[in-house]
Amino acid sequence: MSLPWLREPWLQVVSDIQSQRFGHAHCVPARADLGADSFCQALVDYLFCLKPQAKACGACKSCLLQQAGTHPDYYEVSSEDDKAIGVGKIRELTQRLQETANQHGAKIAWIKDAERMTVEAANALLKTLEEPTENTYILLTPVKTNALLPTLRSRMRLHKFNEPSWPETEAWLMQKLGRSLSGEEQLQCRHLAGSPLTALSLLEGKHVDETDHVAQLAQAMCRSGTWPQPSKQDWSSWLNASEAWLQELIRLRQRVAAERLRFPHLSDLAHDWLQRQQITVSELNAWLALCYNLRKLTSEQSGLNAPLLLQQQWLQWKHKP
Ligand SMILES: [Zn+2]
């Protein structure tokens with residue numbers, strides 16, 4: 001397990017599997033910002049592997065089938081376009097889990113977006129959890145564990161990941177980037193200590209058209225230019241740019257030295273506007289906090305209309321109360 005904060009829970013499940021204390025039903029919160037997906041993938045691989053040690057061997061017949069994505073005893077159910085997972089899908093799954101394993105090893109079902117199961121679907125799954133067939137594992141990864149039926153939750157082992165502290169996250173980010181973080185990057189990422197993968201994508205994605213994006217936001221804000229139309233694909237680079245621009249405005253308001261500015265070519269434009277609109281540092285900080293919050297929300301919940309939420313934030317910049 002290459003993600004340091006997942007090492008301990010990983011060692012625990014391996015030890016439980018080896019000592020045959022690993023139950024058949026598991027619930028792992030879908031924390032993408034903590035790498036829950038890689039944890040679950042490693043777990044599925046491990047349970048299938050014919051010669052597992054600290055992790056799946058990667059070379060046995062079962063591992064090769066897994067790597068090719070063609071293991072006949074692996075079943076995956078997820079929500080399509082954020083729609084509910086209906087009872088039909090779950091019945092089909094439980095039916096197949098009753099059959100003998102094709103490879104004579106484990107049968108594994110991974111139900112993603114599990115909180116989207118209808119009550120009927122959850123009840124159908126409940127029956128299988130109560131009477132499991134041998135060597136069958138069911139893995140649920142809900143975005144919100146609390147949204148699952150309590151009867152379902154009580155029949156599963158609930159896994160929990162501890163969020164790393166800022167020093168741990170910073171050390172990991174430095175290792176991934178192969179350099180230390182600038183003072184500004186530290187400020188930008190500190191509130192993401194418990195979401196290290198989000199912090200990394202923020203730092204890695206920073207270079208993408210940021211200067212152009214920031215210039216367009218500055219024009220829209222200060223000169224009534226055209227506001228961008230973020231899409232599902234590029235909204236996060238617009239969020240990066242929004243944060244970068246607000247941070248720059250805060251620096252300007254605080255009259256930091258010119259060499260500490262990141263977009264000095266936009267300073268005159270911003271100065272005029274800040275004066276005209278009488279924008280305070282605390283207002284700018286409040287807008288920035290909303291950006292951070294949007295980043296957090298979208299890493300925790302699927303199905304949010306992030307481009308729209310971002311545009312709503314821009315509306316506040318435009319129509320200062
Ligand atoms: Zn193997």
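**Close-up views of a predicted model**

**Figure 1. Helices H13 and H14 are roughly antiparallel to each other.** In this predicted model, the axes of H13 (residues 281-300) and H14 (residues 306-318) cross at roughly 175° and come within 11 Å. Because an angle over 145 degrees counts as roughly antiparallel, the pair is described in that way. On the H13 side, the contact is made by Trp-287, Leu-290, Cys-291, Leu-294 and Thr-298. On the H14 side, the residues in the contact are Ala-306, Leu-309, Leu-310, Gln-313, Gln-316 and Trp-317. Sorted by class, the contact of H13 with H14 has eight nonpolar residues, three polar residues and no charged residues.

**Figure 2. Helix H7 has its buried residues along one face.** Helix H7 covers residues 166-177, and its 12 residues should span 16 Å at 1.5 Å a residue. Which residues of H7 are buried? They are Thr-169, Glu-170 and Leu-173. Seen down the axis of H7, these buried residues fall within an arc of 100°, so they line one face of the helix. An α-helix has 3.6 residues a turn, so residues three or four places apart point the same way. The face of H7 turned away from the buried side carries the exposed residues Pro-167, Met-174 and Gln-175. Just after H7, Gly-178 takes a positive phi of about 70°.

Figure 3. Is Pro-9 buried, exposed or partly exposed? Pro-9 counts as partly exposed because it has 17 C-beta neighbours inside 10 Å, whereas a buried residue would need 20 or more. Pro-9 and Asn-162 are 153 residues apart along the chain, and their C-alpha atoms are separated by 9.0 Å.

**Figure 4. The protein chain as a whole contains 14 helices and five strands.** This view sets the preceding close-ups in context. Along the principal axes, the C-alpha atoms of the protein chain fill a box of roughly 75 × 40 × 30 Å. Of the 321 residues in the protein chain, 31% are buried. Among contacts in the protein chain with a separation of 6 or more, 73% are between residues 24 or more positions apart.

Technical notes: Residues are numbered from 1 along each chain as its sequence is written. This is a predicted model: local features need pLDDT of at least 70, side-chain atom pairs count only at pLDDT 80 or more; totals for chains, interfaces and linings use all residues. Axes are lines fitted to C-alpha atoms, for helices over the stretch in contact, and angles run from 0 to 180 degrees between N-to-C directions. Helices (H or I, at least four residues) and strands (E, at least two) are DSSP runs, numbered from the N terminus. Angles under 35 degrees count as roughly parallel, over 145 as roughly antiparallel, 65 to 115 as roughly perpendicular and the rest as oblique. Two residues are in contact if their C-beta atoms, placed from the backbone, lie within 7 Å. Ala, Val, Leu, Ile, Met, Phe, Trp, Tyr, Cys and Pro count as nonpolar, Asp, Glu, Lys and Arg as charged, and the others, Gly among them, as polar. The expected span of a helix is 1.5 Å times one less than its number of residues. A residue is buried if 20 or more other C-beta atoms lie within 10 Å of its own, exposed if 12 or fewer, and partly exposed in between; C-beta atoms are placed from the backbone. The arc is that of the directions from the helix axis to the C-beta atoms.
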